[in-house]
Amino acid sequence: MRVPIYVLNMRGQPLMPTTQKKGKKLLREGKAKVVKRCPFTIQLTYATGEARQPIKLGVDIGYTNIGFSATTKRLEVISGTLTLRKDISKKIDERRRYRRTRRGRLWYRKPRFFNRKKDEGWIAHSTHHRLASHLSLVKKLKSLLPITFKRIEVSNLDTQKMQNPEITGMEYQQGELQGYEVKEYLLEKWGRTCAYCGRSGVPLEVEHIIPSSRGGTDRVSNLTISCRACNVKKGDQTAEEFGYPVIQQQAKQPLKAAACLNNIRWRIVEQLGAEHTYGYITKYQRNKLDLEKSHVNDAFVISSGTNQERCRPYQVIQVKRRNRSLQLNRKGFKPSIRRQRYHLQPHDLVKFDGSTYKVKGVHCYGTRVILKNVKGQDKSVVITKVELVKYGKGLLFNLC
Ligand SMILES: [Zn+2]
């Protein structure tokens with residue numbers, strides 16, 4: 001598939017991307033220099049006319065994966081999936097434990113009680129990470145492409161109902177669309193499988209855990225997803241009588257992912273100054289174009305993609321910078337902490353024996369480094385024999 005090359009002007013601002021052939025020609029003639037390897041970006045060394053066409057960016061926001069795709073009238077110019085970090089709350093817990101131990105030693109200090117207030121607009125760290133990732137991804141893309149228009153899919157579901165979906169009953173909903181949205185919520189909550197037999201890929205229906213004939217409500221906490229066969233077999237029984245007591249408890253827990261995204265989706269739209277759209281519109285368009293469901297395809301549709309020529313998607317991961325420093329040195333700079341510990345860290349790029357490798361880690365007290373080998377076994381070499389090409393930090397792009 002096509003891989004566009006991103007072009008910056010002399011001042012470092014993005015221009016329209018170009019083809020590999022043209023990019024190579026520019027580099028050969030010395031009219032450009034390489035500034036980034038992935039996504040491959042070049043910077044022109046001469047002043048040019050700066051004709052730009054409108055570029056529309058579509059972002060499919062998510063709890064674990066963010067899809068993005070940018071299109072012009074004719075071409076898709078970038079696309080991919082960003083996988084978010086999962087270790088945030090674990091790390092915060094770890095920090096809390098360390099802090100607890102450390103402060104336990106300050107027994108002589110007067111107890112403090114009135115410094116436990118959370119700031120206005122405080123959100124959980126894991127949620128904050130998701131918000132910040134959406135923003136920094138778009139910032140990164142804007143540094144590569146002159147994006148003129150942004151559109152974001154806020155949700156599958158009606159936002160008013162999403163405010164507190166667990167207490168908003170089905171009975172308050174009118175019209176087919178709203179009913180469909182509750183179903184969409186339930187599908188998401190129950191992982192698109194039958195809650196009783198676990199089958200997926202069959203038509204699923206909304207099912208009452210305690211049947212309405214026995215006084216069951218239409219609240220989401222009383223609804224689940226089941227296949228036709230199980231629904232008929234269950235008949236007039238409650239889930240407990242049917243032999244599934246856990247389902248009743250599961251239904252009472254709100255969808256964690258939905259709650260997290262609820263907190264941030266409008267902040268993302270607001271802070272990016274983007275337009276918003278809904279999941280059911282995306283789904284409709286995607287089915288019309290006969291595309292399979294994926295984050296990239298969703299983003300492509302959100303960016304109002306139709307018959308544009310697609311490009312090869314990127315897989316983006318986030319790597320901790322491991323370089324936080326709270327103090328400035330005497331010259332007013334932040335000293336790099338990285339250099340003091342193990343010089344090389346996972347995801348760094350190094351040169352060994354004439355070829356480039358990704359670092360998997362170090363061992364033997366940092367005297368040897370393990371190089372990732374795409375084909376075959378990883379190898380361990382003496383750290384003095386490798387040469388650093390680039391630190392792996394922040395958003396790392398890889399071609400799929
Ligand atoms: Zn079933």
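Modeller: Let me start with a cut-off: a residue is called buried if 20 or more other C-beta atoms lie within 10 Å of its own, exposed if 12 or fewer do, and partly exposed in between. Please keep in mind throughout that this is a predicted model.

Colleague: What makes Gln308 count as partly exposed?

Modeller: Gln308 has 17 C-beta neighbours inside 10 Å, and that value falls between the limits of 12 and 20, so the residue is classed as partly exposed. Its place is in the loop between H10 and strand E11 (314-319).

Colleague: Which residues does Gln308 touch, leaving aside those up to four places away in sequence?

Modeller: Gln308 touches Thr71, Arg74, Leu75 and Glu76, where a contact requires C-beta atoms within 7 Å. As for Thr277, which is 31 residues from Gln308 in sequence, the C-alpha to C-alpha distance is 20 Å.

Colleague: How do you know that E2 and strand E3 pair, and in which sense?

Modeller: Pairing requires at least two bridges, and E2 and strand E3 (residues 41-44) have 4 bridges, in the antiparallel sense; Lys33 stands opposite Gln43 in E3. The open sheet to which they belong has 3 strands in the order E1-E3-E2, with mixed pairing.

Colleague: Why do you say that strand E1 and strand E2 stand at the edges?

Modeller: Strand E1 (6-8) and strand E2 (32-36) each have a single partner strand, so one side of each is left without a neighbour in the sheet. On average, neighbouring strands of this sheet are turned by 35 degrees against each other, direction ignored.

Colleague: Which members of the largest nonpolar core touch the most other members?

Modeller: Among its 33 residues, these are Val59, Ala70, Ile78, Leu141 and Leu145, while helix H10 (residues 295-302) gives the most to this core, with 5 residues. Leu141, for its part, touches Leu57, Phe68, Ala70, Ile78 and Ile147, again without counting residues up to four places away in sequence. A second, separate core of 16 residues includes Tyr185, Tyr196, Cys227 and Ala251.

Colleague: How many of the chain's residues are buried, as a percentage, and how many helices and strands are there?

Modeller: Buried residues make up 26% of the 400 residues in the protein chain, which has 10 helices and 17 strands. Of its contacts with a separation of 6 or more, 63% are between residues 24 or more positions apart.

Technical notes. Residues are numbered from 1 along each chain as its sequence is written. This is a predicted model: local features need pLDDT of at least 70, side-chain atom pairs count only at pLDDT 80 or more; totals for chains, interfaces and linings use all residues. Helices (H or I, at least four residues) and strands (E, at least two) are DSSP runs, numbered from the N terminus. Axes are lines fitted to C-alpha atoms, for helices over the stretch in contact, and angles run from 0 to 180 degrees between N-to-C directions. A nonpolar core is a set of buried Ala, Val, Leu, Ile, Met, Phe, Trp, Tyr and Cys residues joined through C-beta atoms within 7 Å. Two residues are in contact if their C-beta atoms, placed from the backbone, lie within 7 Å.
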